[in-house]
Amino acid sequence: MSKLCVVIPMKRPAHAKQRLAGCLSHREREQLAVSMFTNTLMFFRCHFPALNMMVISESDEMLSLAASYGANTLREDGKKGLNGALSQACQWVKNAGFSHQIIIPSDIALLDQEEFSALLQAARCHQVVIAKAKDGGTNALATSPPDAIAFRYGTESAAKHDAEAGLQGLACCQLLLPNLSQDIDQSDDLERAIAQQPQRFSAWRRGADTPFIKERRYA
């Protein structure tokens, strides 16, 4: 799928992971967000180097980091939240000549090569593919053309994206992929990630006095 672009939206680190405020300091939340974003970029460069990436963010620092991993970058205008940012990104993707788009969040705890390959395979057969999050949200969304449906990220967005596809008469499927369904939003998500990948996440277990451990490669 040479005409596919992987779109990764990234918040300003200072605005990320607000729901972890009860267990992590402001600085730790920033560090966790940047670490997971870096890991996402490394995953695609390591396992899917032929795919094009595009990162949209309000943060010049995050755009610079993305560019260092070979990603295209787009500065978010910041006016309409996530759905607005993705619409802005989608327009860039279309203008660049891509026929397929996959939106992947920057905070999946464990990106899995086989799961992403399954997502790619489903995208070859369906115009809309939804990888459902554990809470009913959307943790990956593949569309062809990129603007096949309106973006409905938010509460129960998987069902909303499915309904949008139905309204447009598009071939759609939902996937429940065990690892791709797990992002890190709540304290129990972080504890699960620590249990599954202690080498990556245990630095955030003990709170504000824990030294930050920078990731050196995708794990």
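Just after helix α3, Gly 97 takes a positive phi of about 95°, where helices (H or I, at least four residues) and strands (E, at least two) are DSSP runs numbered from the N terminus. The model is predicted, so that local features need pLDDT of at least 70 and side-chain atom pairs count only at pLDDT 80 or more, while totals for chains, interfaces and linings use all residues. Residues are numbered from 1 along each chain as its sequence is written, and side-chain values use heavy atoms, with hydrogens and water left out.

**Exercise 1. Determine how the buried residues of helix α2 are arranged around its axis.**

Step 1. In α2 (residues 60-68), the buried residues are Met 62, Leu 63 and Ala 66. Seen down the axis, they fall within an arc of 100°, so they line one face of the helix; the arc is that of the directions from the helix axis to the C-beta atoms.

Step 2. An α-helix has 3.6 residues a turn, so residues three or four places apart point the same way.

Step 3. The buried residues of α2 pack against β1, α1 (26-47), β2 and β3, whereas the face turned away from the buried side carries the exposed residues Glu 61 and Ser 68. After α2 comes Gly 70, whose phi is positive, near 85°.

**Exercise 2. Follow Phe 44 from the largest nonpolar core to its ring pair with Phe 116.**

Step 1. A nonpolar core is a set of buried Ala, Val, Leu, Ile, Met, Phe, Trp, Tyr and Cys residues joined through side-chain atoms within 4.5 Å. The largest has 33 residues, of which Val 6, Phe 44, Val 55 and Phe 116 touch the most other members. At least two residues each come from β1, α1, β2, α2, α4, β5 (128-132) and β6 (138-143).

Step 2. Phe 44 counts as buried at 1% relative accessibility, and Phe 116 likewise counts as buried at 3%.

Step 3. Rings of Phe, Tyr and Trp (its six-membered ring) pair if their centres lie within 6.5 Å, and planes under 30 degrees apart count as stacked, over 60 as edge-to-face and the rest as tilted. The whole structure holds 7 aromatic pairs. In one of them, the ring centres of Phe 44 and Phe 116 are 5.0 Å apart and the planes stand at 75°, so the pair is edge-to-face. Because Phe 44 lies in helix α1 and Phe 116 in helix α4, the pair ties together parts that are 72 residues apart in sequence.

Step 4. Trp 92 and Phe 98 form a stacked aromatic pair, with 6.4 Å centre to centre and 25° between the planes. Trp 92 is partly exposed at 24% relative accessibility, whereas Phe 98 is buried at 12%.

Key:
Buried < 20%, exposed > 50% of the residue type's maximum accessible area, 1.4 Å probe, protein only. Contact = heavy atoms within 4.5 Å.
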